[in-house]
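Subject: Structure handover

Hello,

Here is the structure for you to look at. Please open it first, then read my notes below.

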Amino acid sequence: MASFNKELYQRLLFFAVFLSFTGVMCFSELFFIKEPHDVTVMRRDTVILDCQVHGEAPIGIRWLKNRVTLTESERVYLLTNGSLFISEVESRKDKSDEGFYQCLAQNKYGSILSQRARLTIASISPFTQQPSSIMVTEGSVARFTCKIIATPPPIITWEFNRVTLPLATERITVLPGGILQIQGVEPSDAGSYRCVATNIASRRRSTEAILSVTAASSPRIPQRPRIIAGPQNLTVATHSIALLECMATGNPRPLISWSRADHKSIDVYNTKVLGNGNLLISDVKPQHAGIYFCRATTPGTRNYTVAAANITVLAPPSLVEWPESVTRPRAGTARFVCTAEGFPSPQITWLKNGEPVHANGRIKMYNSKLVINQIIPEDDGIYQCQAENELGSVLAMARLIVVMSDNRPSAPRNVCADTVSSSAILLAWERPMYNSDKVIAYSVHYMKAEGLNNEEYQIVIGNDTTRYIIDDLEAGRNYTFYIVAYMPMGASRMSDHVIQQTLEDVPLRAPELSLTSRSPSDIQVSWQPLSYKLSRGRVSAYRLSYRTSTEGAASQLELSGHRTHHLLEGLQPDTTYLLRIAATTSVGWGEPSAWTSHRTPKASRNKVPLAPELQLDTLNCTTIVVRWHLPVGSTTTGLQGYKLSYHEESQPDGPLTQIPPHHRQHIIGGLDPRKKYHVKLLAYSFMGEGYQADQTISTPGCVSVRDRLVPPPPPPHHVYAQSNSSSSVFLHWARPAFTTGQMVNYTIRCNPVGLQNASLVLYLQTAAQNLLVSDLNPNTNYEFAIRLHVDQLSSPWSPVVYQTTLPEAPTRTPSGVKVTLIEGDTALVSWKPPDEPNIAVKHYTILYASRRAWAAGEWQILQKEGSVTMALLENLQSGQVYLVKVSASNQMGDGPFSPAVELTMRAEGHISRSHGSTHATVFMLCVLPDGFYHLDQQSMTGIVVGVCIALTCIIICILILTCRSKTRKSCSTKCIRQAGGQTPPTAVANGSPAESVEVMMPMMRDHFVDAKGGTNLIINSYGPVKPTTEKKRRKRWNFLKRGEKDVKRVPSPSYSYHQGTTLLCYTETSPGSPQHQPTSLQGLFGPSGGDSEGSHSSEGSHETGDSGRYSHDNAEATNLSLGASSHPASLRGEESGASDDTPVHEEQQPHFFCDMAEVTEMTPQQQEMMERISASPPPKPV
């Protein structure tokens, strides 16, 4: 029982401690239950702005209007729950309730501030744009628009002849922004139109606009698609609506389609199409941001045009990381972190007990952090992080509790300061009164006494001294000092503050001069006052010296210290003057500036532009910005531009940079830190170059981390580039995660990829987080980088992003259009890309039609990819004249068509020719099945010659190989004798060559034998065997087909031959033979007469695998073997040009010929055999 009671007691004790702990955590600090929100009301309406707070009592509540405490009255007062009550809202200019309201709650722990709420009084202004009367053609489109400013946004409707139109019909669409669209205008649509804008404040009607409808021509002329109202760049908030208008005209009516530049799909759940092609996004979200393309396409074709617009989505701030409450001892360090996201990137500010926190030596704000060093009891309180952009604000809070130690020492006593020089002060003090023996170190703190957000510097020294000299101070400045003693348990309180001023010194350097001329005989000299750091005291006077470049002595003028300009008069025209200036303080003169040259204008230059008024400013240690404006009284008429140059001091002049006449600013980057630069600028017109303005500026030193005691800012991140058009790119980026009370600006670097000339790099300046870079070249790849500048600190360049501008629609036609006939019904059309730079061609469109079809408007259409520059026109009709045109297109639109080229298709067997702006030469072309190749006449001739040479080489190689193989096969003498039929095989004795043995062999047909290569003869033990030969068919090209003719063959007799002898062939024509019976030579060479029959017969014999070969050399050898006799009749017939139908009379005796193809050395037995054969009587005919 005792143990049970003990356990119960422990649980109750734990529960009580837990309740007390949670009670402290939940109710000791403040938090809002309800906060005010934006509200729009009518004038004299009643408004309640909520504010309910929970925390430890007592809680005080007060209201701020536009960050100023609101005074209560009978009309405006607080309710018991802390809400603000306004009985009648006023909208007078001197007493208006419009503005931003915040609720501030306070208890003993601190104060908290609510989010910002905006009170707006409903209103509606007159129309800023009235609808205009228009005249349109029947069947086309009509569009009216009106604009008005109202709060809240009005609902706009339209009236036709003062009767309200429906919001959407088949032909009529009313867009939310005050636009009326009418498709397919009819005569009944003619009349008066006006828009009506309505909100809770009032209703307004615009003036009436008249729509006139004219009759359309019949038939209607086809028109290419044209966008008459394209989408516009939009900046919208999340959860609102975004409308992208796209209205196009053309005949037939074009179809509208939408796509994104990043190829992402369009959200189909929150997006719909209004009317004929307007894109409406009903609930905008961050993912809807991007570039959208509207494309108008002619139905059934690929003719289209494109318009683009960018949607920027604004998002209110939201916290990603919240600050957390911390407990720190005295002299410790507290850090609060707060990170927010939104678009534009939210600006983060810190509040302590509802008031803005100011940075000083102990308190620093950077990288979204609040850092408090050397914590003192006064730092205890409630801190709030406020993230704010144009869409609203959000807050988060945390508590800093400072813990005090009982054993800490007292503060150092009797602090005093003495000036040692212009840059040093001696500090002395006494040890603490209590616990001084426990002090281990002292911390000396000092900062400038004047100004806000000054840096506080800290120096830690040992406990063995109470004196310290602080140097590296600025001359003539007041500084404040205090000292803190440290012990192991903590730090003492701060000592009393003392203020001491450094002594003055001579100026560190002279002012920068700016020189201009108002006339040929004067120079206007001006300068900027020196900063306190450079003057090292108060400047009491200036000394100006000047002389001509040829004189040695200089004139001097002393001017008052408050002067900043002086006019030198009475100077010589067209003369170079050298000028310099020096400044002095109460201590003495500083070093004068370097001589600066300036040439006075010529006396005749009285009509050229005056010198611009120049202003130079440093953006950072390596960049300056040049600004100028024309002097009062000058005109921009005839102004052609500006010429700017700059160079480092003591260096030659740099190259000239030409600037367009409408520019008034130029950024010069890539300079060296701590250098002096001379900048010259002049305007020029048709009359010549104007007066020149000269100015000098020094770049500051780059502040390092060691000098600043803070890290440099990181570069911008999430840099994103999108092409907005063919000449502009839209950039946006995110600000790095840090915050500061000073202004932040950005430098954008832009140049084409691969640019070699650094002077052509474009530098742009902006304070926003997005920029539209314009005046770019189309279809060019650019690189962009961004750096951030804040408080003389520059971040590194961001990672480079690349973006290619959109191409322009082609404006020129394809060049060199040629049409070439390659077959009977097929032609090849070729062309060259349009002759214009930076044009990307996505596809080509080829239109062709016969004259009859062209008259009827029936064109045949072909399309080819942009990399293809030829196309095949097939199935052309003979006897027709075809017209061919080509155009180039890309995603931005279609280019014009080339002039029509004519192609005449004549009847079968005739050559076609093309006519037009570019004449094509007609020739035969081999078209491969896998593509088309464009060959001109020279290329075709070269290819034909090359192929012929290759084929000739191949044939010669085959002949050589065949001859060699047949020669190796010949191993015995071939003797030929007449035989009436097949001779039985005769055995050949083994062991000795058959020198005198006659062998009967079946020989080749056609009355001749090739003794060089032999035949396909097989000899076995019984004698020669005649092999079976098959005819081989030769492949023919499709466009070289010829009629096949049979070769006439005659029975082949058997002939005898001897080894090593020459070939003897003979035949005999009997007197009674028919007139057309071929002679022996006709059997060998073919019949006499026509070339065609002879060539085909020879070709046929050449095609067989075992045929003989004929050449003119063989024929001449044959004729020589016949002695002094005339040519054979067949050859005489050929020489006399006889035809096949002409009879040829031949001699009635045998004719012999000898093929001297191969002559070998004969043995005596072979010679005897030859003599016996020659002496023998001629054989009888078969």
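Start with R44. Its relative accessible area is 45%, so R44 counts as partly exposed. The model is predicted, so keep that in mind as you read.

What does R44 meet? The side chains of R44 and E88 form a salt bridge, at 3.1 Å from N to O. E88 sits in the loop between β8 (84–86) and β9 (99–107), while R44 sits in the loop between β2 (39–41) and β3 (47–49). The pair therefore ties together parts that are 44 residues apart in sequence. E88 is partly exposed too, at 35% relative accessibility.

How many salt bridges does the whole structure hold? A search finds 25. Here are some others to look up.

Go to E613 next. E613 forms a salt bridge with R518, and their closest N and O atoms are 3.7 Å apart. E613 belongs to strand β56 (residues 613–620). R518 lies in the loop between β49 (513–516) and β50 (523–527), so this bridge ties together parts that are 95 residues apart in sequence.

Strand β56 is part of an open sheet of three strands, in the order β56-β57-β60. The pairing is antiparallel. Which strands are at the edges? They are β56 and β60, and each pairs on one side only. On average, neighbouring strands of this sheet are turned by 20° against each other, direction ignored. Seven bridges join β56 to β57 (residues 623–629). As background, strands of a sheet pair through backbone hydrogen bonds, either parallel or antiparallel.

Another pair is E648 and K675. Their side chains meet in a salt bridge, at 3.8 Å from N to O. E648 is in strand β58 (residues 639–648), and K675 is in the loop between β60 (665–668) and β61 (676–685). This pair ties together parts that are 27 residues apart in sequence. Both ends are partly exposed: E648 has a relative accessible area of 22%, and K675 has 34%.

Last, find R67, R116 and E388. A network of salt bridges links these residues.

Best wishes

How values were computed. Residues are numbered from 1 along each chain as its sequence is written. This is a predicted model: local features need pLDDT of at least 70, side-chain atom pairs count only at pLDDT 80 or more; totals for chains, interfaces and linings use all residues. Side-chain values use heavy atoms; hydrogens and water are left out. A salt bridge is a side-chain nitrogen of Lys or Arg within 4 Å of a carboxyl oxygen of Asp or Glu. Helices (H or I, at least four residues) and strands (E, at least two) are DSSP runs, numbered from the N terminus. Buried means under 20% relative accessible area, exposed over 50%, partly exposed in between (1.4 Å probe, protein chains only). Two strands pair if DSSP finds at least two bridges between them. Axes are lines fitted to C-alpha atoms, for helices over the stretch in contact, and angles run from 0 to 180 degrees between N-to-C directions.
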